[in-house]
Amino acid sequence: AVMAAQLEWLRRWQPTLSSQPWRIMRVDESVYLLKSQFSDTSYGVCLCDFHTIYQELVTDRDVSRRCKSLNPKVEAPPSRLLSHLSQSLESSDQQCQWSIEPRTDTGADLLIATIRTKLSGLPFVWRFLLQKAGDRQLQTQLLLPLLAMVGELDRRQAKLKRLLESKDCEIQDYKASGARVSRRALETLRFDEKAFTHEMNFSNDFERIVQECQTQTFDLDECRELYRQVMVKNAFLNRDTEDVNRTHVDGDSLFGLLPSMDGSGRTITSPTGTRDRTSGGSWGSRLPSSLVPDSISDGRKSQSPAKSPVVPATATPSAPPSAESERQARSAIAKRLASEAEKEKSKKKKKKLL
């Protein structure tokens, strides 16, 4: 019954940025985690430096304006630009150059990720203006999913151990009946859990994994797929049956892409005024008691996560004042960066003339 309900829900559910797996991104000597989701009209990008998550959502109108500011010679429809950006983020091509610069002089925690590629043979530059996400995003997008992954891997390992023991009993029964393997090379010893655990604890591979944990976990397709399945399962357990399509990309905010996922049953108001009722169990209720914060395990009311930043867009009468002020702030940041770029170009021209 549970499987049938989830399959039916999956037919209607629209994947969100939260459900996208993290990917390893190396810039110079630094390592980051990156996740993104693109459509024909918008994109959402998250970048994590293992301390903070930064995020940005941009609509097709903002894509066209930013492209015109950064690439005056490039003329392409927004869908073509979004497709190129999506391919650039997913590609490991060496011709795609990244640079990441924190900016604090704008009055906001801002991370500027610049990507340099070629679009139809022309140099193409793009800047992702990533704002600091709420403090709970690191917990809901990375920490709790990783804990869920560890728990699920432990469950699968225990099941595999029981399966090996059953196979050993089956083989022993065959041997007692007089059966023999056709080649001695195929014969194996009985599975010894203690010996296996001791061998794994002192293996060189275990040491390598610990030393390279930042790059190993999400560098494997199996781990990325498990992360995606964990996030999809969490979305299913916290599904809103009255409005299944709420998870579709919202052009005005990141709320639809990055839900709070605290699952506490509270009614949460998004930056666009949309009310979201979580009906499933919380992350905390599905974790061991030793891993649950006191504020959750004691039943005390925890603070709701910080709202996701809102990208610049055309003002709408229904938008609350806070959302409008954030739009204006982001617009001012973009204009300031464009002005700085123009000044740099002017300085270079003057130097050439001299």
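**View A. Salt bridge between E193 and K161.** The side chains of E193 and K161 form a salt bridge, with an N to O distance of 3.0 Å. E193 belongs to helix α5 (residues 193-201) and K161 to helix α4 (residues 135-176), so the contact ties together parts that lie 32 residues apart in sequence. The model shown here and in the other views is predicted. E193 counts as partly exposed because its relative accessibility is 34%. K161, at 15% relative accessibility, counts as buried, because the cut-off for buried is under 20%.

**View B. Network of E152, R155 and R156.** Salt bridges with shared partners join E152, R155 and R156 into one network. A search of the whole structure gives 11 salt bridges.

**View C. Salt bridge between D219 and R26.** An N to O distance of 3.9 Å separates the side chains of D219 and R26, which meet in a salt bridge. The distance cut-off for such a pair is within 4 Å. D219 sits in the loop between α7 (213-216) and α8 (221-237), while R26 sits in strand β1 (residues 23-27); the pair therefore ties together parts that are 193 residues apart in sequence. With a relative accessibility of 41%, D219 counts as partly exposed.

**View D. Salt bridge between E8 and R11 in helix α1.** E8 and R11 meet through their side chains in a salt bridge of 2.9 Å, N to O. Both residues are in helix α1, and because they are three residues apart, about one helical turn separates them. The two partners fall into the following accessibility classes. E8 has 37% relative accessibility and so counts as partly exposed. R11 has 63% relative accessibility and counts as exposed, because the cut-off for exposed is over 50%.

View E. L7 is located in helix α1, which covers residues 2-12. The relative accessibility of L7 is 43%, so this residue counts as partly exposed.

Terms used: Residues are numbered from 1 along each chain as its sequence is written. This is a predicted model: local features need pLDDT of at least 70, side-chain atom pairs count only at pLDDT 80 or more; totals for chains, interfaces and linings use all residues. Side-chain values use heavy atoms; hydrogens and water are left out. Helices (H or I, at least four residues) and strands (E, at least two) are DSSP runs, numbered from the N terminus. Buried means under 20% relative accessible area, exposed over 50%, partly exposed in between (1.4 Å probe, protein chains only).
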